[in-house]
Amino acid sequence: MRCPAHGLNRRSFLGMLGLGLATTVAGCATNPDRPTNTTDPTAAPPPSSDPVATPSPSSRKHGQTAQAGKVTRGPAGTHDIALTVDDGYCDDCVAGYVDFARRTGIHLTFSPNGTYAHAWAPQAATLRPLVERGQVQIMNHTFSHPDLRKLNDHQIEGELDRNEQWVNSTFGTTTRPYYRPPFGFHNPRVDAVATRSGFTSMVLWNGSYSDSEAITPEFLMDQARKYLTPGTIMLGHANHPTVLGLFGQIQDLLKERALVPVTLDEMFGTDRPRR
């Protein structure tokens, strides 16, 4: 799976669907050190010079800027869909997703944890140009994937800032203003601390492959048919390999429904700073 990259924009991507595409997650065996996701519907501070994403004028047409509050779904009236991929403790699964993005041009938002750098660091050279041209976006998902509600304010800041620094150094981009709390667990205190740290847009989801743990191909495709609809923020995990054999079927479903995979920046009209 080492094919040349195609620098497709998100609209011309529909024409590539016949070549093969997909979304979600990959994975190996269950990670014994990884907390179990019980709600799958789902460090020093960075330098002051770190760029922060800001809403572009196009966000105003959607009536929602992605820098304020909680985001659970995309705007109505489009065929855009945001395919998000969390965690990534399986080396082969992360590699498969990255190669998939490179060879098809599909737009994805990855939400990696720095504690799984063993899987992500080998893919950095491939991901950096995809990030630079806006095909791939990186969202903050904390460094070690804890339940943030159980941490004190300083620890919450440390988890977000440490992951931000890791993303900065590994992929050459900022995750701000987007973050996803592990398991989707948060409360007003967590929200306030994240906002003070520059993570003003908490991203949840309104569709899921339910693949944070190992599932069957049949179940994953049932979830895909249920949730791959316009405006969905789809949750997947790079933890288990089931989806790796389903890219073709998901491709057909996206083509049939004329869905356009986009990053969160594209969905909400934010501008990703370039370094």
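How many aromatic pairs does a search of the whole structure find? The search finds 9 of them, where rings of Phe, Tyr and Trp (its six-membered ring) pair if their centres lie within 6.5 Å, with planes under 30 degrees apart counted as stacked, over 60 as edge-to-face and the rest as tilted. Before I go on, please keep in mind that this is a predicted model, in which local features need pLDDT of at least 70 and side-chain atom pairs count only at pLDDT 80 or more, while totals for chains, interfaces and linings use all residues. Residues are numbered from 1 along each chain as its sequence is written, and side-chain values use heavy atoms, with hydrogens and water left out.

Let me start with tyrosine 97 and phenylalanine 247, whose ring centres are 5.7 Å apart and whose planes stand at 70°, so this pair is edge-to-face. Tyrosine 97 belongs to helix α1 (residues 91-104) and phenylalanine 247 to helix α7 (residues 247-256), 150 residues apart; helices here are DSSP runs of H or I, at least four residues long, numbered from the N terminus. Both residues are buried, meaning under 20% relative accessible area with a 1.4 Å probe, protein chains only.

Next come tryptophan 120 and phenylalanine 171, with ring centres 6.4 Å apart and planes at 90°, so they too are edge-to-face. Tryptophan 120 lies in helix α2 (residues 117-120) and phenylalanine 171 in helix α4 (residues 153-171), so the pair ties together parts 51 residues apart in sequence. Tryptophan 120 counts as buried because its relative accessibility is 0%, and phenylalanine 171 because its value is 2%.

Technical notes:
Helices (H or I, at least four residues) and strands (E, at least two) are DSSP runs, numbered from the N terminus. Buried means under 20% relative accessible area, exposed over 50%, partly exposed in between (1.4 Å probe, protein chains only).
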